[in-house]
Amino acid sequence: MIRKLLLIGLVSLGLSSEMGTSFSVRTANDDTQPLDYELSIKFEDTNGKFRYLLKRDWERELGEKYIDDVVNFQHQVISYLYYGVDYVNKESKNIDYITYNVGATIGYFKAGISFKKTDEYELSPLLDLGFSTKADVKDLDGNPDITYTLSISTKSNIVDEHIFNIKSEVKKWLTTRINVFALYKHEYYNEKEDFQFKVGLGVKL
């Protein structure tokens, strides 16, 4: 059900966001298996009071096919206060969780509480801390030339639940709407981790 909603969101929300896509092929670690590949598509809007990321990866690794979904929503309501939802289901890394988030942002920093869904009726509270910054370099005509973003976030109950994310992205704008990007992301979820480095094409819709 959630995956169907994700696909609907990719189409409907994509009209007011930036779309990015990347594709990679590599030799499998096992020579008897076909080539590994990864196709990624995302829609993202990081400006304004309503921000979101909708992302899906189609992967094949050692002959096994996986679908990885990431959905982040955040709505800034009164002054610095926000609420949102994070949904992560990465079959390739066996990472699967949902958190409901409330808190406040002050400049580059945010602090709040996340409630992680543990089963159908229970939520576990986590301390939610984050840092994010964005820098734009413009050309002589005042148009975007290079955009750099960095975000770090952690959600933890200090005991046995730990979610840590670091994301860094550089975009080189070829026109006012088209860019090439390099993305680095590292996610830790308890004892599991997911490392990504991608180069791809972005289009501002």
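Predicted model: local features only at pLDDT ≥ 70, side-chain atom pairs only at ≥ 80, totals over all residues.
Is Asp57 buried or exposed? Asp57 comes out at 2% relative accessibility, so I logged it as buried.

**Entry 1: around Asp57**

I looked for a charged partner next. Asp57 forms a salt bridge with Lys55, and the closest N and O atoms are 2.7 Å apart. Lys55 is buried too, because its relative accessible area is 10%. I noted a general point here: side chains of opposite charge can pair when their charged atoms come close.

**Entry 2: Lys90 and Glu187**

I then turned to another charged pair. The side chains of Lys90 and Glu187 meet in a salt bridge, at 2.8 Å from N to O. Lys90 belongs to strand S5 (residues 81-90) and Glu187 to strand S11 (residues 178-189), so this pair ties together parts that lie 97 residues apart in sequence. Both ends are covered: Lys90 is buried at a relative accessible area of 4%, and Glu187 is buried at 2%. My search of the whole structure gave 13 salt bridges.

**Entry 3: Lys42**

Lys42 gave me two things to write down. Its side chain meets that of Glu44 in a salt bridge, at 3.5 Å from N to O. The charged end of Lys42 also sits over the ring of Phe181, 5.1 Å from the ring centre. Lys42 counts as buried at 8% relative accessibility, and Glu44 counts as buried at 13%.

**Entry 4: Asp68**

Where is Asp68 found? I placed Asp68 in strand S4 (residues 64-76). Asp68 is buried, with a relative accessible area of 3%. A polar atom of its side chain lies 2.9 Å from the backbone nitrogen of Glu91. Leaving out residues up to four places away in sequence, I listed what Asp68 touches: Lys55, Arg56, Asp57, Glu59, Asn89, Lys90, Glu91 and Ser92. I was glad to meet Lys55, Asp57 and Lys90 again in that list.

**Entry 5: nonpolar cores**

Which residues make up the largest nonpolar core? I wrote down eight: Leu53, Val70, Val88, Ile95, Tyr97, Leu126, Ile163 and Tyr189. Not counting residues up to four places away in sequence, Val88 touches Asp69, Val70, Ile95, Asp96, Tyr97 and Glu187. A second, separate core has five residues, including Leu54, Val71, Tyr87 and Ile98.

**Entry 6: aromatic rings**

How many aromatic pairs does the structure hold? I found eight. In one of them, Phe50 and Tyr52 have ring centres 5.7 Å apart and planes at 50°, so I called the pair tilted. Phe50 is partly exposed at a relative accessible area of 38%, whereas Tyr52 is buried at 5%.

The rings of Tyr108 and Phe131 have centres 6.1 Å apart and planes at 65°, so that pair is edge-to-face. This pair links distant parts of the chain, 23 residues apart: Tyr108 is in the loop between strand S6 (95-106) and strand S7 (109-117), and Phe131 is in strand S8 (residues 123-138). Phe131 counts as partly exposed, at 26% relative accessibility.

Definitions and conventions
Residues numbered from 1 in each chain as written. Heavy atoms only, no water. Phe/Tyr/Trp six-rings, centres within 6.5 Å; stacked < 30°, edge-to-face > 60°. Buried < 20%, exposed > 50% of the residue type's maximum accessible area, 1.4 Å probe, protein only. Helix = DSSP H or I, 4+ residues; strand = E, 2+ residues; numbered from the N terminus. Lys NZ or Arg CZ within 6 Å of the ring centre and 35° of its normal. Core = buried A, V, L, I, M, F, W, Y, C linked by side-chain atoms within 4.5 Å. Contact = heavy atoms within 4.5 Å. Polar contact = N/O pair within 3.5 Å; in protein donor to acceptor, adjacent residues only side chain to side chain. Salt bridge = Lys/Arg side-chain N within 4 Å of Asp/Glu carboxyl O.
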